[in-house]
Each structure stands twice: as C-alpha cells, then as structure tokens.
Amino acid sequence: MSGHGTPIKMTSHACGPLKGTAEVPGDKSISHRALILGALSVGETKITGLLEGEDVLDTAKAMRAFGAEVTQHGPGSWSVHGVGVGGFAEPEDVIDCGNSGTGVRLIMGAMATSPIVATFTGDGSLRKRPMGRVTDPIRLFGAQAFGRHGGRLPMTILGAPSPAPVRYATPMASAQVKSAVLLAGLNAPGQTVVIEKTPTRDHTERMLRGFGAEITTEVTDQGHVITLQGQPELKAQEVAVPRDPSSAAFPVCAALIVPGSEIVVPGVSQNPTRNGIFITLREMGADLTFENEREEGGEPVADLRVRYSKLHGIDVPAERASAQIDEYPVLSVVAAFAEGVTRMPGVHELRVKESDRIDAMARGLEANGVKIEEDEDTLIVHGCGPEGVPGGGTAVTHLDHRIAMSFMVLGMAAQKPVSVDDGSPIATSFPIFEDLMAQLGAEIVREG
Ligand SMILES: O=C(O)C1=C[C@@H](OP(=O)(O)O)[C@@H](O)[C@H](O)C1
Ligand SMILES: C=C(OP(=O)(O)O)C(=O)O
C-alpha cells in the first residue's frame with residue numbers, strides 16, 4: 001500500500017529567480033491506462049515514460065494481482081504481458097489502490113464484467129471518496145458491489161457472469177466514471193454507450209482506439225456520445241507517455257510568481273481536454289509560450305517557456321473546469337499573487353478529490369494572509385497584488401499531493417516561509433518534485 005505512514009513537515013522559503021529546464025514526469029492518467037489496457041491486451045505492451053509515482057505503482061501491482069505480467073526494465077521503461085479482454089484472474093488478496101481514485105475506479109470498471117470477485121481498499125483519503133459513481137453504472141452490466149457507508153472502500157465487487165451492454169449518461173463530469181464504464185463495456189457483448197454532457201479528458205477513448213478497439217465519439221445536442229463495440233481483441237502496443245500537464249503546472253506557476261524567473265518545461269501534453277490551466281494563466285497575463293508544437297505518443301505536445309509575469313484576476317469560465325480540474329489548487333495560489341479578484345465557479349467536484357480541495361485551499365490561504373470567499377461550487381481569491389502575499393502559515397494537506405505542492409509554490413514568493421503539515425503525499429504523483437524545484441532554484445526544507 002502507498003504509505004503516508006510518517007507525516008513529513010515541509011517549509012518553502014522565498015527564493016531567487018527560477019531558471020532552467022523542468023523535466024516533469026509522465027502523465028498520471030495515461031500511465032494508469034497504459035498498464036490497465038496493456039493487461040487487457042494480447043501480447044507484450046511496452047511503455048516508456050511511465051510515471052513511477054505511488055498511484056501508478058499501485059495500479060501496476062493490481063494488474064499483477066489480476067494475472068498480467070508487469071515488469072520494470074529501467075527508469076520509466078516497463079512491459080505488460082496482458083491476459084486479453086475477459087482474461088482477468090481472481091486476485092488472491094485485497095487490492096490496495098493507495099491514494100488513487102483513478103486507479104481504483106478504472107480497475108473496478110475493468111473487472112466488473114468478468115466472473116470474478118475482488119475486494120478494494122485504499123488509504124485514509126481514498127476510503128472517504130465516493131465509489132457509488134462507479135458502482136451505479138457497473139450494476140447495470142450485472143455486477144454487484146458491497147461497500148461501507150453507502151459506497152465507500154473497502155468494497156467488494158462481484159463481476160457480472162453474463163454482462164449486458166449499457167447505455168449510460170454520466171451524472172457528473174468525470175473521466176474516471178466514463179472510463180470505468182468503457183472498460184466494463186470491453187467484456188460485454190454489443191455496444192456500450194457513454195453520454196457526457198461536459199466533455200472530460202479523453203485518454204481512454206484515444207488509447208482504446210490505439211489498442212485496436214472500435215470506438216467513436218459523436219457530438220450531439222445531448223453531449224458527447226461515445227460508442228464502444230464490445231469484446232474486441234486488444235493488441236499490445238508501444239506507449240510513449242507524454243509529460244503530465246498537471247505536474248507541469250507547479251513549476252509553471254512557480255516561475256510566474258517568483259520575480260525574474262524564466263524556465264522551460266519540455267514535451268508537455270497539450271491535449272485540449274487537459275490544457276485549461278495554460279489558457280487561464282494567459283488570460284491572467286502570463287508570459288507563457290508554446291514552442292516546438294508536435295505530436296508524441298498520439299498526444300499533441302509542446303515545450304512551454306514561462307517568464308515571471310504581472311498577473312491580474314479574472315473570472316474563470318465554469319465550462320473550463322473539467323479541462324483544468326486538478327489545477328485549481330495551484331491556480332488559486334497564482335490568484336493570490338495577482339492584482340484583483342479571481343472567481344472560480346463550477347468547481348464542486350473539487351470537494352470529492354483526495355481532500356475537499358475548496359476547503360483545504362481556502363483554509364491554507366487564509367492562514368497565509370489571503371482573503372477568500374467560497375460556496376459549495378465556487379472559490380474566490382482576493383489577490384494581494386503589489387502588496388505581496390504575507391505567508392508565514394502552515395497548511396493542512398489532508399493526504400492531498402496537490403494541496404502540498406500548491407503551498408510549497410506559495411512559499412517560493414510569499415514574504416514569510418510557508419509550511420505544510422505533511423508533504424509525503426507528493427510522492428503519489430510527482431516523486432521528483434522537491435529535487436526538480438531545487439534544481440530550478442527553489443528552497444524547500446524538510447523538518448523533523
Ligand atoms: O481519469 C483520470 O485519469 C482522472 C480524472 C479526474 O478525476 P474525475 O474523473 O473524478 O474528474 C482527475 O481529477 C484525476 O486526477 C484523473
Ligand atoms: C484527483 C486526482 O487523482 P485521483 O482522483 O486519481 O486520486 C489528482 O491527481 O489530482
């Protein structure tokens with residue numbers, strides 16, 4: 001299990017200009033999917049650039065437990081010998097997905113239409129997160145689910161022995177729910193259809209197509225209608241994982257707020273379902289340029305050049321929420337340094353991430369002298385502008401990597417050092433965060 005056994009207190013101090021190249025790790029969403037689709041394929045899938053964060057390593061372990069042969073050959077270089085669609089074995093032990101919502105939800109979907117039983121658990125954060133959003137649709141395929149408190153982990157899933165295909169409109173904007181339904185649909189006969197009102201990250205659709213499934217997306221007045229032909233033979237692939245835009249957001253935002261900074265973040269995915277943060281930052285006045293635009297591993301990528309910028313507050317469009325859903329914590333840090341108010345509506349999904357991110361950011365920013373307003377669906381940050389962000393506070397991270405990294409970024413440009421009670425969850429998605437930021441010139445100190 002991904003352990004966050006001993007909390008690691010970390011403090012970030014104001015630093016000089018950040019300079020250099022930030023080679024952020026592989027995309028977390030694509031890394032999970034590469035392992036899962038590799039495990040459901042026939043033959044050997046070769047993966048380069050895999051994110052070796054705890055979340056993804058837990059998915060690798062889970063795929064072994066379901067019968068796939070998963071091997072690490074070198075840093076980021078992995079292979080998966082798959083068992084084919086419908087070939088999952090029954091795991092001998094509980095599947096521990098650690099801190100990862102993506103891991104547990106996608107794997108539950110992937111096993112839900114095989115006649116096997118699996119019990120899932122996770123860390124203290126994951127055990128609080130809602131799983132009903134996945135168990136509702138997998139029940140329609142014929143699976144059964146038994147969890148705690150109306151759908152919390154630990155949870156046992158009995159896969160459907162003779163699954164029926166499903167037509168499902170996702171009730172919330174969630175790529176995890178969409179993906180769970182599509183992965184379940186792989187082992188059902190006929191067509192499984194997912195309808196999403198608001199489009200979410202489309203890596204599952206792109207990768208399923210790449211692995212040989214027949215899958216189409218139609219834009220209709222109901223929204224995006226995704227149709228998957230069931231029971232394909234998925235064929236092993238070579239997957240080159242592009243760098244993660246959600247991880248890139250941390251050095252990018254740090255460079256924007258630390259005076260005199262200029263950095264390059266090469267090879268970052270610019271998938272339009274993921275690039276909302278870069279559009280938003282530019283609207284706030286960021287000097288952010290996209291160089292060398294190209295395609296890598298089936299995804300559009302670019303090298304980002306970022307220079308320190310004078311930023312102003314904006315109204316962030318609610319429709320952009322799903323294209324930057326994981327970036328709101330660090331966006332609210334940037335907003336604290338901007339001049340004027342930044343309003344972020346349409347963000348209620350943040351309440352069910354690794355922590356309640358609206359609450360965690362609001363309390364942590366207040367502790368550092370920033371004025372905040374919030375309601376169920378909105379976060380409003382009153383930027384400190386030229387007066388500067390006071391800092392000097394400690395934020396509680398609630399086992400949430402993005403909260404921890406966001407406050408470390410805040411400390412790089414605040415007047416007084418900023419601490420977090422526990423930075424250990426950073427290892428779930430960005431294990432090289434401290435080293436990478438130190439190489440650029442940041443000063444993050446572990447205490448105790
Ligand atoms: O599908 C994925 O890989 C993810 C989808 C998003 O979650 P939701 O589907 O809950 O919005 C995102 O927050 C998460 O980090 C990764
Ligand atoms: C929400 C996140 O991940 P997950 O849902 O996979 O835990 C995240 O990485 O910000």
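This is a predicted model: local features need pLDDT of at least 70, side-chain atom pairs count only at pLDDT 80 or more; totals for chains, interfaces and linings use all residues.

A: The term is how elements are named: helices (H or I, at least four residues) and strands (E, at least two) are DSSP runs, numbered from the N terminus.

Q: What about the phi of leucine 399?

A: Leucine 399 has a positive phi of about 60°, although it is not a glycine. Histidine 398 is in the loop between E21 and H11 too. Phi of histidine 398 is near 50°, again a positive value in a residue other than glycine.

Q: Is leucine 399 buried or exposed?

A: Leucine 399 counts as buried, because it has 21 C-beta neighbours inside 10 Å and the cut-off for buried is 20 or more. Histidine 398 counts as buried as well, with 21 C-beta neighbours inside 10 Å.

Q: Zooming out, how many helices and strands are in the chain?

A: The chain has 12 helices and 23 strands. Its C-alpha trace spans about 65 × 50 × 45 Å along the principal axes.

Q: And what does the radius of gyration say?

A: A compact globule of 448 residues would have a radius of gyration near 22 Å, and the chain has 21 Å, so the two agree. Buried residues make up 56% of the 448 residues. Among contacts between residues at least 6 apart in sequence, 77% join residues at least 24 apart.

Q: Which domains is the chain divided into?

A: The division is into domain 1 (9–26 + 242–447) and domain 2 (28–165 + 177–186). Their contact takes 17 residues from domain 1 and 19 residues from domain 2. The side of domain 1 that touches domain 2 has eight nonpolar, six polar and three charged residues. The C-alpha centres of domain 1 and domain 2 lie 29 Å apart.

Q: Where does ligand 1 lie relative to the domains?

A: Ligand 1 lies between domain 1 and domain 2, because both give residues to the shell around it. That shell consists of Ser29, Gly101, Thr102, Ser174, Ala175, Gln176, Ser179, Arg201, Ile325, Asp326 and Glu349. Helix H3 (101–111) and helix H5 (175–185) are the elements that give two or more residues to the shell. The largest share, three residues, comes from H5. By class, the shell around ligand 1 has two nonpolar, six polar and three charged residues.

Q: OK, and which residues surround ligand 2?

A: Ligand 2 is surrounded by Ser100, Gly101, Thr102, Asp326, Lys353, Glu354, Arg402 and Ser429. This shell has no nonpolar residues, four polar and four charged. Domain 1 and domain 2 each supply at least three residues to the shell around ligand 2.

Q: Switching topic: how many residues of helix H9 are buried?

A: 10 of the 10 residues of H9 (residues 328–337) are buried, so H9 is largely enclosed by the rest of the structure. The cover over those buried residues includes helix H7 (245–257), helix H8 (276–283), strand E18 (341–344), helix H10 (357–367), E20 and helix H11 (401–413). Among the buried residues in H9 are Ala335, Ala336 and Phe337.

Q: What does glycine 383 touch?

A: Leaving out residues up to four places away in sequence, its contacts include Ala335, Ala336 and Phe337. The C-alpha atoms of glycine 383 and alanine 335 are separated by 5.6 Å, though the two residues are 48 apart along the chain. Glycine 383 is found in the loop between E20 and strand E21 (394–395).

Q: Last one: what is the strand order in the open sheet of four strands?

A: The order is E6-E7-E9-E8, with mixed pairing. Strand E6 (95–96) and strand E8 (144–148) stand at the edges with a single partner strand each, so one side of each has no neighbour in the sheet. E8 pairs with strand E9 (residues 152–158) in the antiparallel sense over five bridges. Arginine 148 stands opposite arginine 152 in E9.

Note on methods:
Residues are numbered from 1 along each chain as its sequence is written. Chains are lettered from A and ligands numbered from 1 in the order in which they are written. A residue is near a molecule or strand if its C-beta atom, placed from the backbone, lies within 6 Å of it. Ala, Val, Leu, Ile, Met, Phe, Trp, Tyr, Cys and Pro count as nonpolar, Asp, Glu, Lys and Arg as charged, and the others, Gly among them, as polar. Domain bounds come from an automatic or database domain assignment. The radius of gyration is taken over C-alpha atoms; the globule rule is 2.2 Å times the number of residues to the power 0.38. A residue is buried if 20 or more other C-beta atoms lie within 10 Å of its own, exposed if 12 or fewer, and partly exposed in between; C-beta atoms are placed from the backbone. Two residues are in contact if their C-beta atoms, placed from the backbone, lie within 7 Å. Two strands pair if DSSP finds at least two bridges between them.
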